[in-house]
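Here is a short briefing on selected residues and nonpolar cores. Keep the structure open as you read.

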Amino acid sequence: MDLRKFYKLKKTYRSAYYSVSIRLLPILFLLYSINILASVTGKIQGTVLDKNTGEKLPGVNVTIVGTTTGSATNFDGEYFILQVQPGEYTLKFSMIGYRDYIVQNVRVRSELTTRIDAELEETTLEIGGEVVVVAQRPVIQKDVTASIQFLGAEEIIRLPLTDAKEGLFVQAGVFFDPIPVVGGLGSAGRGETRYSIRGGSQDEIKWYFDGVRTSSLVNGRADWGGSFTNLNMNSIQEVQIMTGGFTSEYGEAQSGVVSVITKEGSDNIKASVDYIYGFPGQHHFGNYLYDPATQKEFIDNTLEDGTLDTAWWTPYRTEQIYDYRRIPDHTLYASLGGPLFTLNDVPVKFFLSTQFKRITYTLPRPRPSRNTENLFFNLSTRQQDVRFRLNGTYNHDAHSTLQENGDFTSQAKYYRGWGSLIDTYNWSLSGLFTHVVNNDLFYEIKLSTYNVEFQEGASEYTELGRSANPTLFGFMRYDGYENEPFDQYAPVIKNNITSGDISLVGNLNWQFTSNNLLKSGFEFRYNTFSENESFRFPSFTDNQEDWINKGLNESYHPLQFAVYIQDKMEFESMILNIGLRYDYFDPNRMWFERTNYFNLAIDPLYDVSKDPDLDQVDSLGRVKYSYENVLDKKRIPAQTYSMLSPRFGVSFPITENSLLHFNYGHYYQMPPLDQMFEFLYFRPVNLVEKIIAERNLAAQEGREPNHIPSNDGDPERVVAQTVEPLKPQKTIMFEAGIKHNFNDIAVLDVTAFYKDVFDQTDERVGLFDRSVKGYDPYRDQISPNQSYAAYFPGDYGDSRGFEISLRSLFSRYINIDINYSFSKSTKGRASPKRITFDENGNATYEWDTEVNKRIPTETNFSRPHILRANLFLSYPDYEESSIINSIMSGTSISLLYRYVSGQTFTYLQPEDPPDTYDNYRYPANHNMDLKIDKLFRISGTHELTAYLQITNVFNTQNLRSYGDVVFDANSTKDYVETGKVSTVDASGYDISWQNYYDARRFFLGIKYSF
């Protein structure tokens, strides 16, 4: 049968097939619709022609060499290969009567189209064999309609950084803030450092590992909430960073998406081991914390004979310190992968990777180092039409923080138990099933679970006790030395919280014409949040009955559902991405009905006239104040939410070397669960002391303890509770950009963006920010001096700016990568400072008068200027042998320079307008890092690499703090007017350790692989 007639007949049937399929599309959409399941595959497509005649060739077989994946050209000579894992491949075109045509180095990236066209030559007796060509990677990817950056493992490894995720933080639009989020009651953090994308906090960024969402729905503090980001360097195949314009398949992210694709096992066994040694030393500028010659407390307590006063230098005090300068860093990465066994003649492959880290803290903590162990594994098998992959992850992060403050403070200097031990456990398991129905259609189903367990508790250095004379704020100083800022005891914190999800997601991908790729899918998530333990104890006890703070210690299971549909339309002069997403969120929790009472712990039916002994328990058993009263309050189902998000992106390939793109979209995200359902109960320390005394006395007397009444001026009470339903946070984002390739010398990318943010829930600032006052039924009045903290919805913000990236193309051995961003990110409050409820439940709103809460101000992540430049030099591979070539072969040098504007601060002078705020800025940070590699080829595929890495090469002092801004009234004035950086606090104690960011550091590494 003539092949062309056959394909004309096939085309007729195909038209009928499409007609029926379009009618079935709504059914298919309901069956397979959505996904927040991140796409982790790409597409290869192209056209095949007869080289001599230029005619389109139908029936050409197109296969990916070494796999069973392939396709065949249609009547128009077009082919499509869907569901291709990111990586480099060899493509083979074959047809009877024509020479085989082989294309090497075909690069596929997730979610993008790689176009490979071919021209086949007819076979003759004189000309046989095959034609081999090398694919030219497109400098301008025509179907990119958003801001997407791709990082392969090689690109991350060559950067002078010790951690894989740091490679993400030096990309355009991404900012890592080295300033710890200092804690305290009512604060946003506990000493963790955070990052942002285009002015949005890290809570607005979602991470995916192989399409599985690895994030909890809580904000958390001390690095346990949000997304899991502990990348294993050796497991990375590709990382995709989306900083704007991501399509409708992505939800729950207002600012960015990071999609990590891990390696699979290869046809042969491959392995690698990488060890990094970080040299010990004093990693901060300023004085050593325990230097007798510079520390005021040593000098004050040195006797005339030069010895220390033993009343001050006690064994207890000496046990609390260690020389943190003598502890090195250790990092070990290892990976192993290849064929495992054969099942029905189909190979099953595996890949394992692990890492162990011991990273020394710059300043003393309960643990001397932050310790991480994790394991990644996957099993994969692929037949011609079916693929299955099983992924698993386990991670343990052993961290420590410093009470509520988080950052190092003088209070912890001589009491190592001032902090807590934190152990965070993450684990995930997922199974992916993919079925390729035909060349134009495939679907995926994925079942996964991701879980986080957070444990916090006392360390071996915790000592139970109390000072004879606590300070006004309750700090437990050393007895006899109350004027020194050093604590001897501290409250004890105990937490055990788990969160996670079980998710079923799926998607349908249909190339229903040569120009249209339709994607649709569904997502269902059954989430879990369990507050197993949430306690804070006074410094003298860790008995679980003697808490001063307690949460509800409850579990609940929020539900999420989403569907989306999007169409990628690819034409020669335009590529369109149009999509629509629907999200549904059900907290699935009973929450307290809004009340006008000033304290949820009261029983309004308590009758003092029936309480003759005034123990706050009347004759009917009603208790005036109690935790149980809270549990008895009426609850109602929490509000559910529906969100609709349109997305649109377009790119215009002007020429082969120029591209314009534009995108617009709506992006929704629910506030963290720990804000949506905040609750904290408080019992004053003196009340707890009385409860303990009564319990002990009752035990001695052989009776039940009596109820201990509260002081009406300072009773046990709820001190934090969410009363107003928090709304979905919304961002409207658009951007426009241009890319241009300058004759394969360099490629330039310029993008301008704007983000408008609505219904945010701003963090509280201080103990009395965002509060609720209510009606006191016992006194028939609004409580004058008691309130509780709460989160309120309705705040706003925006972020705007532009980004410029320049990357060299002119040499394999010289790579220059420069990115610069100019941006400003602001936030403002539209929510009230305080809500007051009267006896009838009517609400009165009081608004902020402080200037920083009345007008938009810059966010913590706002830095106008960020510049990064990476120069990578590698020694060329010369064929001729020489001593210099032998020595220099395999040598490379990588330099990374970073410039970041400083954060803002306020200093008012008499002539400044009343609304002056953020009128000064810290000096910019400058930093240069260096990495030198030397590769030794042992034999075959066996390689050994040795490298030296230096951070902050020039030992630059980048200002972190100019003095004691809390207690020294002149520190800001002195810095602004004279440039003085104070190295002592208001009492004269040394704080030089906090003035500057980290000093220069050295690392040595060695890697073996085959």
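This is a predicted model: local features need pLDDT of at least 70, side-chain atom pairs count only at pLDDT 80 or more; totals for chains, interfaces and linings use all residues.

Leaving out residues up to four places away in sequence, Tyr681 touches Trp547, Ile548, Asn549, Lys550, Ala601, Ser626, Tyr627, Val630, Glu716, Arg717 and Val718.

**Nonpolar cores**
- The largest nonpolar core has 33 residues, and those touching the most other members are Phe585, Val630, Leu673, Met676, Phe679 and Tyr681.
- Two or more residues each come from strands S27 (492–513), S28 (516–537), S33 (590–592), S35 (641–655) and S37 (679–682), and from helices H6 (627–632) and H7 (673–676).
- S28 contributes the most to this core, with 3 residues.
- Another core lies apart from it and has 26 residues, including Leu151, Ile205, Phe376 and Phe1003.
- In soluble globular proteins, nonpolar side chains tend to be buried together.

**Ser272**
- Ser272 sits in strand S18, which spans residues 270–278.
- Ser272 counts as buried because its relative accessibility is 8%, and the cut-off is under 20%.
- Its side chain makes a polar contact with the side chain of Asn234 at 3.2 Å.
- The side chains of Ser272 and Ser335 are joined by a polar contact of 2.7 Å.
- Beyond neighbours within four places in sequence, Ser272 is in contact with Asn234, Tyr333, Ala334, Ser335, Lys1007, Tyr1008 and Ser1009.

**Ser201**
- Ser201 belongs to strand S13 (residues 200–201).
- Relative accessibility is 19% for Ser201, so this residue counts as buried.
- Setting aside neighbours within four places in sequence, Ser201 is in contact with Tyr195, Ser196 and Phe861.

Definitions and conventions
Residues are numbered from 1 along each chain as its sequence is written. Side-chain values use heavy atoms; hydrogens and water are left out. Helices (H or I, at least four residues) and strands (E, at least two) are DSSP runs, numbered from the N terminus. Buried means under 20% relative accessible area, exposed over 50%, partly exposed in between (1.4 Å probe, protein chains only). A polar contact is a pair of N or O atoms within 3.5 Å; within protein, one must be able to donate a hydrogen and the other to accept it, and residues adjacent in sequence count only if both atoms are side-chain atoms. Contact means heavy atoms within 4.5 Å. A nonpolar core is a set of buried Ala, Val, Leu, Ile, Met, Phe, Trp, Tyr and Cys residues joined through side-chain atoms within 4.5 Å.
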